[in-house]
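Q: I am new to this structure and would like a close look at a single part of it. Please keep the answer connected and define the terms as they come up.

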Amino acid sequence: MCIGVPGQIVALDEKQPQHAWAEVCGVQREVNIALVRQDGEPREAMIGCWVLIHVGFAMSRLDQQEAEDMLAALQAMGEVEQDVALFLAGEGNHALR
């Protein structure tokens, strides 16, 4: 299943400038922020931002309400779709911190 999931940027990767750590349902995942960082914006401005994550890339920025609504929908899906529940729990993801 290919889905995007909302996460909040909580830390920057000091060794890879285009990478950060996002928290998704209590699990931290490494993400590439190159697609969502605006030209000239300091990396530190990404801390606290909500982003839509797909296959390790932050694809777009979200506001907090959008992120919460998406997470609620995904959690409801997880009650009936085992692969969504496993994804939200962080199982099978090798990019966990």
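Is Gly 7 buried or exposed, and at what relative accessibility?

A: This is a predicted model, in which local features need pLDDT of at least 70 and side-chain atom pairs count only at pLDDT 80 or more, while totals for chains, interfaces and linings use all residues. Residues are numbered from 1 along each chain as its sequence is written, and side-chain values use heavy atoms, with hydrogens and water left out.

Gly 7 counts as buried because its relative accessibility is 0%. Buried means under 20% relative accessible area, exposed means over 50%, and partly exposed lies in between, with a 1.4 Å probe and protein chains only.

Gly 7 belongs to strand 1. Strands are DSSP runs of E with at least two residues, helices are runs of H or I with at least four, and both are numbered from the N terminus. The C-alpha atoms of Gly 7 and Arg 61 are separated by 9.7 Å, although the two residues are 54 apart along the chain.

Strand 1 has pairing partners, where two strands pair if DSSP finds at least two bridges between them. One partner is strand 4, residues 50–54, which pairs with strand 1 in the antiparallel sense over 4 bridges. In this pairing, Pro 6 stands opposite Leu 52 of strand 4. Another partner is strand 2, residues 19–24, again antiparallel and over 4 bridges. Here Ala 11 has Trp 21 of strand 2 opposite. Strands 1 and 2 form a hairpin, and 6 residues lie between them. As a general point, side chains in a regular strand alternate between the two faces of the sheet.

The loops that follow the two partner strands each hold a residue with a positive phi. Cys 25 lies in the loop between strand 2 and strand 3 (27–32). Its phi is near 55°, a positive value in a residue other than glycine. Cys 25 counts as partly exposed because its relative accessibility is 34%. Val 55 lies in the loop between strand 4 and strand 5 (57–62). The phi of Val 55 is near 45°, also positive in a residue other than glycine.
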